[in-house]
Amino acid sequence: MLNEYFVTIASLISHYGLDIAGYTNMTSNKSGKYKVIKWLVGILTALILLVGGVALYFSAKWKPLLTEKIKDGVYNGSQKLYRINFKDIRLNLITGSAVLDSVTLTPDTTVFNQLKELQLAPANLFQIKLARLQLSRIGVLTAYFKKRINMNSIIMEQPSINMIHYKVVKKTDTAADKRSLYDQISKTLKSIHVKAIKIIDADFDYINGSTSKPLNSIKHLNITVKDLLIDSLSKSDTTRFYYTKDISFELTGYRATGKDGMYTTKIDTVAGSVSNKNIRIKGLQMIPLHPDLAFTRKYKYGKDRYDLKFNEITFTGVDFNKLSAEGSLYARALKVGPANAGIFVNRELPPPPNFDKAHNFPHIALKRLPIETIIDTVKLSNIDVAYTEYNPITQKRGTVYFQNLTGNILNLTNDSVRLAKNNHAIANLTALVMKTSRIKVTINFNLTARDASFTYKGNVGAMNMLVLNPMAKNMGLVEIESGQMQGTDFDIQANMKGASGIVHFYYKDLKIKLLKEGENGGIGKKKGFLSFLANSLLIEDANPGKGAAPRTARVTFERTPAASFFNLLWKGVFIGMRETVGLGIVPVKTPEQAMEKVKDKKQERREKREERKKKRAERKAEKKKTDT
């Protein structure tokens with residue numbers, strides 16, 4: 001091949017008259033200027049062909065050598081665990097580029113099993129398929145003579161990555177290689193510098209090795225690494241993260257269904273940057289796959305149903321070094337919202353046996369996070385919450401709405417060092433209740449208390465109490481005929497055992513009516529006489545009354561294991577309001593007592609159905625007897 005190029009060059013020299021004699025005897029009719037240009041063009045063309053020929057020659061010679069070196073390097077460098085193959089490798093020594101087509105990285109399971117027996121196997125195996133691997137502007141001569149690798153970019157297009165996880169036993173006495181990356185390459189190379197590394201449109205699957213079932217899948221992942229530099233100084237450069245100036249990523253179109261088939265999780269985009277210290281999640285949804293009652297009835301015991309949609313969640317001031325090196329999350333701020341949260345509770349189902357819902361109190365759940373977490377400030381903005389309960393006695397739903405929930409939570413942490421300095425998280429929140437009245441509340445969580453203690457105090461603004469009727473009628477068979485709340489304030493201390501505190505409830509013109517239960521559930525007519533007695537003998541129609549001082553309710557009650565954190569919060573205020581109104585002598589049912597009533601009511605309805613069924617059968621038999 002090289003000889004053919006030299007013949008071509010010689011013919012060009014002959015064509016253009018590029019010999020000394022021809023040059024010295026340029027006496028033709030053409031002007032000397034054009035002959036000089038023709039001479040220069042000829043030399044330039046000859047040089048291009050010469051360099052191109054040499055490049056192709058060495059490319060042809062280096063191609064099999066480089067192919068062998070790459071395959072041997074991966075095979076031996078992985079202790080014979082991996083093999084790399086590619087369809088073709090194309091080199092261009094002039095531009096310093098290389099392209100590998102149809103690349104595959106495949107583990108050898110026989111070698112892996114041998115390493116498992118020796119307790120030397122890694123926990124994860126990788127299977128990688130890559131449409132194209134591009135390396136551009138490689139300084140070949142610099143690499144060969146100066147032992148420095150410099151290149152513009154490494155681009156991986158459409159990789160498919162399977163990470164297969166196995167439970168493996170490691171030797172306890174195995175010494176880890178604690179040398180820096182530079183120390184490991186320094187005998188061969190002085191430095192590696194890559195301006196950009198890009199992974200484009202990757203698919204990632206996390207697979208259980210024992211069952212071969214996917215545990216998680218990620219599609220359309222893009223990663224960009226800027227300015228990778230491995231040399232004697234970069235390892236101590238504090239402006240770099242793992243030898244880079246920045247690592248950024250973007251994930252689009254994530255979708256996964258839970259193992260139990262009850263929820264689908266969707267995310268529009270997840271993006272982050274090490275240099276900007278942020279992670280941004282957009283369009284996160286937790287979508288239940290069944291309607292509310294159908295969902296809850298698929299469980300033997302009561303289980304809340306969540307329908308969540310977060311427009312945006314942003315972590316700022318993230319310490320990626322801590323996250324990588326220690327597995328701990330530190331962020332200056334976590335911003336959540338706008339968002340919508342729907343919570344549905346079916347009261348016909350019993351709570352799980354021997355389960356205390358204090359286990360799910362926010363500051364108790366925080367302790368169970370798998371990683372140490374410090375978030376200086378959680379910022380909530382424009383969050384709408386709808387809490388719905390289904391009453392199996394009335395067979396109706398009642399909903400409490402909290403709109404535009406906004407506020408901050410300070411010092412959210414389970415880190416022992418931080419807790420030693422400050423063991424309280426403070427939440428200052430505001431929201432619009434039932435679309436009409438503003439509530440302000442401050443919750444002080446003791447993050448280290450064994451009894452999960454916390455305090456909450458605040459106030460609720462003026463409200464026409466008729467807006468409470470959809471909840472009061474469906475859940476309590478009580479209808480408010482009139483009433484104007486002028487304001488409520490509360491100051492309560494609570495823990496997993498119960499609560500105590502003070503409630504001030506100011507109102508006027510209060511009148512209620514008690515309702516009957518419908519024949520087959522639902523809401524029946526007014527209990528006229530009992531409503532009259534309640535309004536005449538029990539209910540105080542105003543606080544303060546005419547010429548009287550305002551009444552104060554002092555609340556004390558015990559919490560039962562079936563009571564949730566939300567139940568504990570509202571019950572403290574609700575009991576104070578009941579006592580102020582005059583209903584303090586009427587005991588409030590615990591969740592367990594309410595469940596017993598539901599159980600009795602279901603049995604009663606079952607017996608009535610059986611009785612009706614029996615009577616229909618008797619009438620049918622009687623009619624048949626009469627007809628014959």
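Ile 409 touches Asp 376, Thr 377, Val 378, Leu 380, Ile 426 and Ala 427, leaving out residues up to four places away in sequence; contact here means heavy atoms within 4.5 Å. The model is predicted, so that local features need pLDDT of at least 70 and side-chain atom pairs count only at pLDDT 80 or more, while totals for chains, interfaces and linings use all residues. Residues are numbered from 1 along each chain as its sequence is written, and side-chain values use heavy atoms, with hydrogens and water left out.

Ile 409 belongs to strand S16, which spans residues 396-413. Strands (E, at least two residues) and helices (H or I, at least four) are DSSP runs numbered from the N terminus. With a relative accessibility of 18%, Ile 409 counts as buried; the term buried stands for under 20% relative accessible area, exposed for over 50%, and partly exposed for values in between, with a 1.4 Å probe and protein chains only. From Ile 409 to Thr 442 the C-alpha to C-alpha distance is 9.6 Å, across 33 residues of sequence.

Strand S16 pairs with two strands, S15 and S17. Pairing requires that DSSP find at least two bridges between the strands. S15 (residues 373-391) and S16 are antiparallel and share 14 bridges, and Ile 375 has Leu 412 in S16 as its bridge partner. Four residues separate the strands in the hairpin of S15 and S16, where Gln 395 adopts a positive phi near 55 degrees. S17 (residues 424-433) also runs antiparallel to S16, joined to it by seven bridges; Thr 406 stands opposite Thr 430 of S17. In a regular strand, side chains alternate between the two faces of the sheet.

Strand S16 also takes part in a charged pair. The side chains of Arg 397 and Asp 292 form a salt bridge with an N to O distance of 2.9 Å. This pair links distant parts of the chain, 105 residues apart, with Asp 292 in helix H7 (residues 292-296) and Arg 397 in S16. Arg 397 is partly exposed, at 35% relative accessibility. A salt bridge is defined by a side-chain nitrogen of Lys or Arg within 4 Å of a carboxyl oxygen of Asp or Glu, and by this rule the count is 11. Side chains of opposite charge can pair when their charged atoms come close.

Another of these salt bridges joins Arg 132 and Asp 101, at 3.6 Å from N to O. Arg 132 lies in strand S4 (residues 124-136) and Asp 101 in strand S3 (residues 97-107), so the pair ties together parts 31 residues apart in sequence. Arg 132 is partly exposed at 30% relative accessibility, whereas Asp 101 is buried at 14%. A further pair consists of Arg 240 and Asp 237, whose closest N and O atoms are 3.4 Å apart. Here Arg 240 is buried at 11% and Asp 237 partly exposed at 27%.

Arg 240 is also a contact of Ser 234, as are Leu 229 and Tyr 243, leaving aside neighbours within four places in sequence. Ser 234 sits in the loop between strand S8 (214-230) and strand S9 (246-257) and is buried, with a relative accessible area of 3%.

Attention now turns to the nonpolar interior. A nonpolar core is a set of buried Ala, Val, Leu, Ile, Met, Phe, Trp, Tyr and Cys residues joined through side-chain atoms within 4.5 Å. The largest has 76 residues, and those with the most contacts inside it are Phe 315, Phe 361, Phe 445, Phe 454, Tyr 456, Phe 490 and Leu 510. H13 contributes the most to this core, with seven residues. Beyond four places in sequence, the contacts of Tyr 456 include Thr 442, Phe 490, Leu 568 and Val 573. A second, separate core of 31 residues includes Leu 100, Leu 125, Leu 130 and Ile 185.

Leu 568 is also in contact with Arg 559, as are Phe 361 and Met 496, among others. Arg 559 occupies the loop between strand S24 (553-558) and helix H13 (565-581). At 9% relative accessibility, Arg 559 is buried. Its side chain reaches the backbone oxygen of Met 496 at 2.9 Å, and a polar atom of that side chain lies 3.4 Å from the backbone oxygen of Pro 561.

Methods. A polar contact is a pair of N or O atoms within 3.5 Å; within protein, one must be able to donate a hydrogen and the other to accept it, and residues adjacent in sequence count only if both atoms are side-chain atoms.
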